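Please open the model in your viewer and keep the selection tool at hand. We will go from one selection to the next, with a short note on what is there.

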Amino acid sequence: MADDANKPFAGLADVSISEDIAVEGDISVPVGSSRVDEDMSTLDEPVKETVLRDLRAVGKKFVHVLYPKKSSALLRDWDLWGPLLLCVTLALLLQGGAVDQGEQGGPQFAEVFVIVWLGSVVITLNSQLLGGTLSFFQSLCVLGYCILPLTSSLLLCRILLLVANNNAVTFSVRLLVVCASFGWSTFASTAFLADSQPPNRRALVVYPVFLFYFVIGWIILTFSP
Amino acid sequence: MTIDCLLQTCSDPRSVTPAVTPGLQLSSVSLHRPGCGDSALGETMASPNDLQFQEFEEAAQLLSSDPGASTLSTLLSPTAGGSSEEVKLDLSDEEEAAQHEAAELLGGQKSTGGFWTFQFYQSFFNVDTSQVLDRVKGSVMPIPGRNFIKHHLRSNPDLYGPFWISVTLAVSVAISGNLSTFLVQMGNPAYHYTPQFHRVTVASVVIFLYAWLVPVALWGFLSWRQGVERQVGGYSFLETVCVYGYSLFIYIPTSILWVIPLEWLRWTLLAVAMVVSGSVLVLTFWPVVREDTKAMALTAVVTIVALHALLAVGCKMYFFQNAAQLSPLQPTTAPVQSLTGSGGVAPDEERALEGGDSRGGAQRGVDMLHRPSLKKKFPDLNRGVGGGHEVESDMWSPEAAAVRPWEQFMREESAGERGAGGGLCVGRMKMDFKENEKGQRVCAKRS
């Protein structure tokens with residue numbers, strides 16, 4: 001019986017309870033639970049408090065994206081506010097392209113939305129089909145938050161184009177900035193997503209993410225007001 | 001092998017799935033599903049390898065001691081006699097319960113659940129990075145005698161490759177096309193760079209249609225030609241889609257190299273790419289088609305190659321136009337005044353307007369109205385009208401009639417004649433000058 005030692009409570013094999021000892025006890029719910037419920041009720045707090053709490057959560061996740069370490073905050077408390085804010089900012093900043101060119105100008109507002117959200121959904125489905133363990137919304141959350149470096153690079157590019165003319169020097173500066181932010185985005189999302197994949201399929205999951213941020217970076221780079 | 005048994009959705013968590021290494025003969029693999037009765041077991045007894053039965057006894061013992069696990073038996077070689085190792089994995093029900101056996105043994109019959117379940121689609125993505133890279137390499141270097149499907153796919157077609165190769169190709173063609181247009185027009189001051197995003201849509205639609213509809217048509221055609229016996233030498237739908245998808249891979253580096261604006265280089269690259277990917281397709285489908293009549297075989301092969309060539313040439317012509325095809329955007333040297341008395345029309349616009357000779361003067365005038373270049377090039381069009389003050393709305397006043405270019409066009413068309421009522425005779429509206437009873441020239445509808 002070698003596996004007796006492996007069984008739990010192995011040392012209690014010889015303990016027995018005699019029949020005349022009454023087994024009694026008390027099962028009751030701790031009294032303090034209702035107090036805990038009152039603390040969690042957020043119905044009576046001022047609206048500013050509610051909004052600020054969500055904003056603080058979003059801000060905390062931004063910090064996690066900017067300094068990507070192996071933290072699980074992004075995955076554990078996922079939310080889609082951050083991706084929505086970033087998508088709206090991206091779409092707004094990409095407006096104002098060459099107006100008189102008609103449909104050959106920059107992307108419309110809705111096109112940016114479609115590209116970002118549809119791209120995220122497709123990549124999430126891809127990683128799930130390949131056997132990933134992240135849930136659908138966690139994946140969307142990570143991909144959305146990691147657009148932050150690209151959005152900030154778009155802001156920088158627009159400021160640069162406001163200040164200076166669109167010549168070769170500014171183009172090379174913009175190219176550098178967009179490349180750096182694209183690399184940062186891909187690295188950040190890989191740091192969050194890669195752990196959830198089986199090890200022999202990591203490259204298969206990372207490549208579509210690379211393609212997604214490459215397309216967004218291309219849209220940012222070719223934008224000229 | 002009882003196919004019905006394998007296709008049952010046996011939701012037994014204790015299913016035993018043997019993994020088959022490539023190269024094993026089909027006859028030596030035995031399969032045992034506990035929930036499917038003894039028929040499968042009876043057939044495995046026909047295998048000459050008695051030790052396989054013993055191995056499943058061990059597996060059964062392991063399962064009885066720990067019902068939560070599934071055992072994965074790897075058969076290294078059928079003749080080595082029992083040199084098999086067992087790997088005990090904790091597999092969840094949903095993940096890899098039945099996809100291995102169906103995938104490995106029934107080339108193409110992968111439906112492990114209904115098509116509404118997630119597992120059904122997950123079975124199409126059962127590939128590793130190394131496998132995908134191997135398949136890509138096989139599509140780029142076709143060796144005669146090596147059938148892509150038999151050699152590389154090995155009864156495990158996937159949808160990852162075709163889908164992402166199509167997406168990458170659409171993106172690369174659109175971006176490279178945009179870059180090449182920019183490079184061609186770089187010295188042209190009249191050219192304003194536009195990202196041309198609608199091209200991405202066009203590219204993706206065309207490529208996806210090719211990569212998914214043509215295999216459907218080809219598979220339908222092949223199935224029809226072979227009648228009922230589809231298993232013998234025929235390819236399943238997934239394998240056809242897979243071959244087509246992977247054969248498109250060579251166009252990705254080709255499209256990136258097409259940015260170089262040398263015409264002979266582009267045609268050379270196009271020829272090379274067509275030869276490589278066309279030969280992959282031909283080598284794959286020739287053994288199947290060969291058994292048919294000569295005429296049908298040749299037709300099929302020629303159609304495959306022709307469609308492939310059409311895609312490549314079409315992409316090149318639409319996305320990568322060279323300098324000659326982009327010539328209408330020639331720069332105007334100076335605002336041309338009174339060229340043939342037409343009051344300052346830019347040469348390219350005039351050429352475009354002349355080209356539409358069949359259209360009436362009113363159409364031309366309307367076209368002139370919508371030229372944004374007009375306002376930019378001739379901002380002082382109103383100078384000298386009404387005392388030299390600049391009022392844009394004066395363009396419509398009778399005093400400005402002398403400089404309104406569209407009216408000048410209409411005047412040109414009617415040879416400077418006006419009807420008695422002062423109106424303009426516009427040929428497009430089927431009106432013409434006629435003598436009325438008073439002998440005056442008036443505009444009237446053509447009889």
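A salt bridge here is a side-chain nitrogen of Lys or Arg within 4 Å of a carboxyl oxygen of Asp or Glu. Keep in mind that this is a predicted model, in which local features need pLDDT of at least 70 and side-chain atom pairs count only at pLDDT 80 or more, while totals for chains, interfaces and linings use all residues. Residues are numbered from 1 along each chain as its sequence is written, chains are lettered from A and ligands numbered from 1 in the order in which they are written, and side-chain values use heavy atoms, with hydrogens and water left out.

**Stop one: the interface.** Select R201(A) and D128(B): their side chains form a salt bridge, with N to O at 3.1 Å. The count between chain A and chain B is one such bridge. The rule also finds nine residue pairs in polar contact across this interface, both residues being at pLDDT 80 or more. A polar contact is a pair of N or O atoms within 3.5 Å; within protein, one must be able to donate a hydrogen and the other to accept it, and residues adjacent in sequence count only if both atoms are side-chain atoms.

Now show the side of chain A that touches chain B. Helix α9 of chain A gives the most to it, with 10 residues. Helices are DSSP runs of H or I, at least four residues, numbered from the N terminus. In contact terms (heavy atoms within 4.5 Å), 27 residues of chain A meet 27 residues of chain B.

**Stop two: L211(A).** Stay on helix α9 of chain A and pick L211(A). Is L211(A) buried or exposed? It counts as buried because its relative accessibility is 7%, and the cut-off for buried is under 20% relative accessible area (1.4 Å probe, protein chains only). Leaving aside neighbours within four places in sequence, L211(A) contacts W164(B), V167(B) and T168(B).

**Stop three: the core.** Select L90(A), Y213(A), L248(B) and F285(B), which touch the most other members of the 96-residue largest nonpolar core. Such a core is a set of buried Ala, Val, Leu, Ile, Met, Phe, Trp, Tyr and Cys residues joined through side-chain atoms within 4.5 Å. Helix α9 (residues 202-221) of chain A gives the most to this core, with 10 residues.

Zoom in on Y213(A): beyond four places in sequence, its contacts include L143(A), I147(A), F182(A) and T186(A). Finally, select W218(A), V171(B), Y191(B) and Y193(B), which are among the five residues of a second, separate core.

Conventions. Buried means under 20% relative accessible area, exposed over 50%, partly exposed in between (1.4 Å probe, protein chains only). Helices (H or I, at least four residues) and strands (E, at least two) are DSSP runs, numbered from the N terminus.
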